[in-house]
Structure formats: structure tokens, C-alpha cells
Amino acid sequence: MRTINRQRSTVLCTLLTALLVGGAISANAQFDAGSDGSDGVLAPVSDMLIDMADHPDGVYQYVSVNIPAGVTITFLPNAENTPVTWLVQSTCLIDGNVSVDGSAPPTNGSIDFQGGAGGPGGFEGGDGAPFDVDTDPGPGLGPGGAGVSAGDDKRGGGGSYGTAGGGANSPSTYHPPGNTYGSIFLLPLIGGSGGSGGGRTQGAGGGGGGGAFFVAANESVTVNGTLSARGGSGANPSFSGRSGGGSGGALRVASPNIFGTGTITALGGSGGDAGNGGGQGRIRLEGRLTEFTGTISGAATTAGGAGILMLPDNLQPDLAITSVAGMAAPANPTGDLASPDILLPITETNPMTVVVSCQDLLPDTIVTVFARPEFGAVTSATAAAMGTFDASTATVSLTVPPGVGTLTAQAVNGVTEAKSTPEQRAALPKSLTGLAANGERFARVEVQADLGAPSKLVLVTESGARLTLPKG
């Protein structure tokens, strides 16, 4: 009976996947990097520094790329410090060198106090503390930036990314390393994090994190030279700077054919003097035929085919069920049927109020909450998100069935604001609409969250193909 079951009514935090399963683009479809060829042919005959100022989204659309042996390509980051993306209509041949490395601290007398710059899409190292100034050094920047511990003679921690940077647990001796982050799918594409600066007695700046680089070519990518996203080292060891190295960055290659005998590296930078080195960055090769036989250095993944080619830069929607009938969602839900996360009392009556917090979602977007009992019919109710794009709340009045069950919130939104037709999306930069492996742009995004659990995203292309964003 209802009165008996109500005592065991619960909302579990089990992560649901049924709504997120969709058909991926066929591996047999022709690969389309989405390049319109507007940047022409890249075939330098000498070293080249590419100033990214005229490409604010970091996306270059080439007909072909040919980097000869002995030629090195480097980059000057744009104002937004975006990653570098090369979309190529035919082939990309790298016999020379392409570098998005982070930098060591700049030289300033005998000690490098300023932190090193990150590569494009990467993050700076922390500033060192001059020995004659009573200040603490700075932490490395970025999601995996190394921290600092107050006091004299601290040895800088290494930035982290795919693996943790160096650093000990003793706060009296070492700065702590940063936290690992990111996904093996390199979605979203993000660079490496900085090492922390050195301590007060022998302070020096930390190394910058390696940048982020993505190349996609319709026919093939060949690396016989070097493709590099290394972290910057700490200060010159002879300066006794005690600073940490930056982590390696991110390198992603997507093409039907990936060849070469060269080097693909995203290693972290070394520490200065007694400082600690940075962790490894992330590398991903996505090719139907991958015959790269060279050296790969970093936290690497090789996968057949390419699901998502490029994500929209502005895609960060998030949902979270924060309370049910006035009871807050648990901080660490278990989703265990035998041990409910929320136990609704028998006195609680329907309908119940479910509060859903939203971020980066257009105001008035309709949020639907589903109650799925272990047995019986699913119930649902809707409410509009009220607030701003940055932060809004949907308050849903929902009939919760008796017995054990799960609660899920879902919202559907356009990938870009007020751009609902293919013609409107085609007029926007691909960095705003994203691009699927068959050349289609994304039309909408579905965001879903279970009670107390992180949200998950599904991107839907213009033809209706559904691509679930993987988690790290």
C-alpha cells in the first residue's frame, strides 16, 4: 500500500544513461574536417612564428599543410589564448617541427622571478619570490596548477594534467603538485597547467604549461618530424630557483590515416634546482588506419574513427538537482538501492517541490524532471529556468511515486543563442557551432543530471545524429 511504501520512498543518485545513448556517425562515412580552405596552403620554407591575433577563435582552415624538414612552426597566442586548430581539406605533412610548448621563466638578471608563459591554450607558471622580499611565491595557473606552502626555502611543485606533477606531501619542504584533470578524449581541448614559483630564499618563476593543438585532415596526417606540447621548465638550475615545471599540454590528431616515424610529445618541464617537474600532458590519435610508428611521450590514447570533431567553445551548460521536498541533495550520493540517499517521510504529500539549479542555460529554457519508480509508471513535470544565463533556477512541482526510484532533470537548448536554422549557424564561426566528423554543425544540446550527480551532455547534429560527450 502507499502508506507502507511511502516509508521507503527514496530518490537515488544512480547515474542514468538510457536517455544519453544515441547513434554515432558511421565509421564508413567520408571524413570531413570542415575546412573551407580560406587560409590556403601552408608550406613555409623557413622557420615561422604564426601570430594568432587575426584568428581569434584559433581555427585555421587550410587546403593542405606541408612543413618541410628543418622548419619549425611556433605560435604567438591570441587575446583569448585559444588552442590551435588546423582543419585541412587534403593532407597534413609534418617533416619539420610544430610546437605549442610552454616557456621557461624569462631571464631577469640571475634569478627568473616571473613565471613562464603557457603555450597557446595553456597556463602560466607561478611567480617566484625574490630572496630579499618577504613574500610567498605564486601558484601555477590552470586546473592543474601547482600550489604553494607559506614559509622559506620552498621547492616548487610541478603542474599536473594527464599525470600528476612532482611534489611531496610535507608542507615544510615542498609546494604541492596540481590535480590531474581533463579527459582521454580531449573534449574540451585545453592546455597544460603551470608549475609554482620557488620559495623566498631562492625564489624563481615556475614553468608554463604546454599549449593545446588539434589537427584534422580529410585524407591523412603524417608526422615524421616533431609535434610538441611540452611544459616549460622551471628556472635555470644554475640559478638555484627551486621552481616547478609546467605540465605537458594537449595534442589531438584526427584523420582517416595517421602515419609517420617522428615524435609526438607532451612531456612536462623539469624543475629548477630542487624544484619538481611537471606531469605529462594528454595525446589522442583518432584514425581509421593508424600506422604511426614513431615515439609518443605523454598520457596517450589511440582510437579508431572520430566521433566528435570540434566542440562549440560556448558549450558549458550544467544542471544539478539541489533539493527534493526541502531536503538537500547529499554531497556524496551512493545510488545504492539498499541504502537510500534521501528517505521521504510518510507524511510528505504530493506534489513535491524539486529545485534544479542551472548554469550557462538561456533563461526560460524548459527543464523537465522525471521520477522513475522501480515499478510502475514514470511521472514528470516541467518548469522554466528563471534568472540569468550564468545562473538560474527551475522549481518543479512533481508527483513522486511511492517506492524506490530515481530522479532526473533534463533540458534541451540550442547550441547558440537565437541561431536555430542551418543558414543562421552557417554564418557563425565553427568554434561557436561545433563540427561533427561528417562536416555537420551541431544544432542543439541536451543536458541531463541525476540527483547529486554531475550533468552529462548530448550534442545533436543538424541531421539528428546524437553524440554523447564522454567523461574522463
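Predicted model: local features only at pLDDT ≥ 70, side-chain atom pairs only at ≥ 80, totals over all residues.

Analyst: Residues are numbered from 1 along each chain as its sequence is written, and side-chain values use heavy atoms, leaving out hydrogens and water.

User: Which are the edge strands of the open sheet of 6 strands?

Analyst: Strands are DSSP runs of E, at least two residues, numbered from the N terminus. Two of them pair if DSSP finds at least two bridges between them. The order here is S4-S7-S10-S13-S16-S19, with parallel pairing. Pairing on one side only marks the edge strands, S4 (59-62) and S19 (299-303).

User: How many residues are in the largest nonpolar core?

Analyst: Such a core joins buried Ala, Val, Leu, Ile, Met, Phe, Trp, Tyr and Cys residues through side-chain atoms within 4.5 Å. Leu319, Val356, Leu398 and Leu459 have the most contacts inside the largest one. Apart from it lies another core, of 32 residues, Trp86 among them. The largest core has 38 residues.

User: Is Ser160 buried or exposed?

Analyst: Ser160 sits in the loop between strand S9 (97-99) and strand S10 (212-217). Its side chain reaches the backbone oxygen of Gly178 at 2.7 Å. Buried means under 20% relative accessible area, exposed over 50%, partly exposed in between (1.4 Å probe, protein chains only). Ser160 has 0% relative accessibility, so it counts as buried.

Definitions and conventions:
Helix = DSSP H or I, 4+ residues; strand = E, 2+ residues; numbered from the N terminus. Polar contact = N/O pair within 3.5 Å; in protein donor to acceptor, adjacent residues only side chain to side chain.
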